[in-house]
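Hello,

Here is the structure I promised to pass on to you. Please have a look at it first, and then read my notes below.

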Amino acid sequence: MEMKKKLKVGVLGATGMVGQRFIALLENHPWYEVVTVAASPRSAGKTYEEAVGGRWKMTTPMPEAVKRLTVMNVNEIEKVASGVDFVFSAVDMTKEEIKAIEDDYARTETPVVSNNSAHRWTPDVPMVVPEINPEHFKVIEFQKKRLGTKHGFVAVKPNCSIQSYAPVLTAWKEFEPCQVVATTYQAISGAGKTFKDWPEMEGNLIPYIGGEEEKSEQEPLRLWGTIEDGVIVKASQPVITCQCIRVPVLNGHTAAVFVKFRKKPSREQLIEKLRQFRGLPQELELPSAPRQFIQYLEEDNRPQVSLDVDFENGMGISIGRLREDTIYDYKFVGLSHNTVRGAAGGAILCAELLTAQGYIREKQA
């Protein structure tokens with residue numbers, strides 16, 4: 001798909017860690033151009049470079065094109081929306097505030113693609129991993145009726161913690177996984193922090209991340225749900241139980257997973273399904289889509305964060321150590337990049353698919 005003219009994008013919550021990741025990933029994007037950055041009133045009026053100051057957390061330098069953009073007040077919705085075709089949302093507010101502001105942006109006929117969790121269980125808001133459940137975007141038509149909009153809507157991507165196992169279970173769907181035990185070992189960037197901000201994480205792990213276990217158990221079921229009467233109804237299987245642990249890693253969530261199947265596959269069948277697994281983003285060759293969504297690594301000591309987290313520019317998922325288990329049928333280890341595939345990159349891929357399908361387009365003046 002060729003874009004004659006780049007769409008104008010705004011990033012809400014542009015100064016935070018996920019906002020910065022959006023800015024970094026959108027540099028030189030073939031379809032989109034960041035023209036507006038918005039953040040809290042205390043950043044408004046400063047240039048983006050001044051507002052971020054010494055808090056630029058990406059390893060790549062701040063893109064020149066955004067340095068001199070004046071940060072707008074995210075609460076001045078009409079003003080921010082008037083200059084853009086759509087927005088990415090990474091605002092840092094309470095759940096209720098996020099729901100309200102994202103709906104208000106949508107009501108200005110500005111599509112919102114959100115990294116936030118606030119709308120993930122709103123029945124008519126699609127929560128999508130584009131390779132897994134692109135058909136859920138059809139619920140947008142019902143959402144527009146509720147909001148009273150022609151083009152405006154909210155779409156979200158799921159939690160970063162599930163990206164290293166939900167795609168795997170999707171690839172294995174025909175074998176009917178019915179019970180899953182997962183422990184995730186989650187990077188500190190998932191809390192928006194680096195080691196400089198969080199020195200007590202060095203050489204430490206914390207066996208609790210607020211709200212994360214519930215999300216990790218429930219959100220995959222919503223991905224596998226169906227649209228019924230204009231809302232998404234979550235799947236009832238497999239039953240998933242999780243523990244989520246914060247570990248001293250900057251980027252990359254690892255998961256150790258045990259699976260029980262109704263139809264017992266061979267190890268070779270499982271690996272083949274992973275390697276063959278493709279979705280709409282691969283068929284459409286979307287700009288951010290990994291060519292190989294899931295790679296299987298044969299070595300006993302892989303996947304490793306330091307070697308594998310940037311597979312496919314952080315948009316691919318790495319799996320290893322698949323073997324039979326004494327209590328469950330199989331166990332494996334998965335790894336995904338939590339702020340690329342798990343956050344900003346996953347949202348950008350959603351936007352690309354929404355653009356390819358005509359949900360996001362240039363606003364008519």
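**A phenylalanine inside**

At 7% relative accessibility, Phe175 counts as buried (buried is under 20% relative accessible area, exposed over 50%, partly exposed in between, with a 1.4 Å probe and protein chains only). Before going on, a word on the source: this is a predicted model, in which local features need pLDDT of at least 70 and side-chain atom pairs count only at pLDDT 80 or more, while totals for chains, interfaces and linings use all residues. Residues are numbered from 1 along each chain as its sequence is written, and side-chain values use heavy atoms, with hydrogens and water left out.

Phe175 is found in the loop between H7 and E7. These labels are DSSP runs numbered from the N terminus: helices are H or I with at least four residues, and strands are E with at least two. Leaving aside residues up to four places away in sequence, Phe175 touches Phe261, Arg262, Lys263, Pro265, Gln269, Leu270 and Lys273; contact here means heavy atoms within 4.5 Å.

Phe261 is buried, like Phe175.

**Aromatic rings**

Rings of Phe, Tyr and Trp (its six-membered ring) pair if their centres lie within 6.5 Å; planes under 30 degrees apart count as stacked, over 60 as edge-to-face and the rest as tilted. By this rule the count comes to 13 aromatic pairs. One of them joins Tyr48 and Trp56 edge-to-face, at 6.5 Å centre to centre and with 85 degrees between the planes. Both Tyr48 and Trp56 are buried. Phe175 and Phe261 also form an edge-to-face pair, with 6.4 Å between centres and 85 degrees between the planes. That pair links distant parts of the chain, with Phe175 in the loop between H7 and E7 and Phe261 in strand E11.

There is also an aromatic cluster, made up of Phe22, Trp31, Tyr32, Phe86 and Phe88.

**Strands and helices**

Two strands pair if DSSP finds at least two bridges between them. E4 runs parallel to strand E1 (residues 7–12), with four bridges joining them; there, Val11 has Phe88 as its bridge partner. Three bridges join E4 to strand E5 (residues 112–114), again in parallel, and Val87 stands opposite Val112.

Elsewhere, six strands form an open sheet with mixed pairing, in the order E10-E7-E11-E14-E13-E12. Strand E10 (239–246) and strand E12 (294–297) are its edges, each pairing on one side only. Within this sheet, strand E11 (residues 253–261) and strand E14 (residues 330–336) run antiparallel and are joined by seven bridges. Ala255 stands opposite Gly334 in E14.

Helix H9 (residues 267–276) packs on the sheet and touches E11, E12, strand E13 (317–324) and E14; its direction makes about 140 degrees with that of E12. For such angles, axes are lines fitted to C-alpha atoms, for helices over the stretch in contact, and the angles run from 0 to 180 degrees between N-to-C directions. Helix H8 (residues 212–223) lies across strand E7 (177–186) and E10, at about 145 degrees to E10.

**A buried serine**

Where is Ser161 placed? Ser161 sits in the loop between strand E6 (154–156) and helix H7 (166–171). Ser161 is buried because its relative accessible area is 0%. Its side chain makes a polar contact of 2.8 Å with the side chain of Asn159 and another, also 2.8 Å, with that of Ser216. A polar contact is a pair of N or O atoms within 3.5 Å; within protein, one must be able to donate a hydrogen and the other to accept it, and residues adjacent in sequence count only if both atoms are side-chain atoms.

**Two backbone details**

A cis peptide bond joins Gln237 and Pro238, with omega at about -5 degrees. Another joins Arg302 and Pro303, where omega is about 5 degrees.

Best wishes
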